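Dear colleague,

Please find below the structure that I am handing over to you. My notes on it follow directly after.

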Amino acid sequence: MDKHLLPHDHGQSPAEVLEKMPACEDFAAVADLFRQLSDAGRVRIYWILCHCEECVINLSAMVGMSSPALSHHLRQLKSAGLVVTRREGKEVYYKAADTERAQMLHKMIEAMVSITCPDH
């Protein structure tokens with residue numbers, strides 16, 4: 001008995017779907033992006049940085065997190081290309097990247113918050 005699954009007709013050819021399917025690397029990039037947001041604290045930090053530019057000390061106070069913990073999250077967001085930095089003297093300022101990907105993610109976060117918090 002052959003245990004391979006064979007496609008059967010549901011009105012659309014599997015070949016048509018497969019022609020449109022992005023590469024595995026594209027799916028991996030999307031999964032990595034969502035992995036960056038698997039921590040609620042990191043989502044809060046990212047949301048704040050979508051609305052203002054801040055330094056670590058101020059962000060720490062805003063989210064009630066130690067500077068080392070916050071720095072860890074900022075490194076993750078920066079390595080994912082979601083956050084950019086600007087240095088002024090000894091101070092480093094963080095803000096959301098001005099990319100289509102970062103803006104879409106911000107919109108998605110705001111939409112999800114409004115769905116889960118209807119009074120928002």
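Of the 24 residues in the largest nonpolar core, those that touch the most other members are I45, Y46, L70, L74 and L82. Such a core is a set of buried Ala, Val, Leu, Ile, Met, Phe, Trp, Tyr and Cys residues joined through side-chain atoms within 4.5 Å, where buried means under 20% relative accessible area with a 1.4 Å probe, protein chains only. Two or more residues each come from α3 (40-51), α4, α5, β3 (91-96) and α6 (100-116); α3 gives the most, with five.

This is a predicted model, in which local features need pLDDT of at least 70, side-chain atom pairs count only at pLDDT 80 or more, and totals for chains, interfaces and linings use all residues. Residues are numbered from 1 along each chain as its sequence is written, and side-chain values use heavy atoms, without hydrogens and water.

The protein has six helices and three strands, in the order α-α-α-β-α-α-β-β-α from the N terminus; these are DSSP runs (helices H or I, at least four residues; strands E, at least two) numbered from the N terminus.

Helix α4 (residues 56-63) packs on helix α5 (residues 67-79) at about 105°, with axes 9 Å apart; axes are lines fitted to C-alpha atoms over the stretch in contact, and angles run from 0 to 180 degrees between N-to-C directions. The contact (heavy atoms within 4.5 Å) involves V56, I57, L59, S60 and V63 of α4 and S67, L70, S71 and L74 of α5.

Yours sincerely

Technical notes
Buried < 20%, exposed > 50% of the residue type's maximum accessible area, 1.4 Å probe, protein only.
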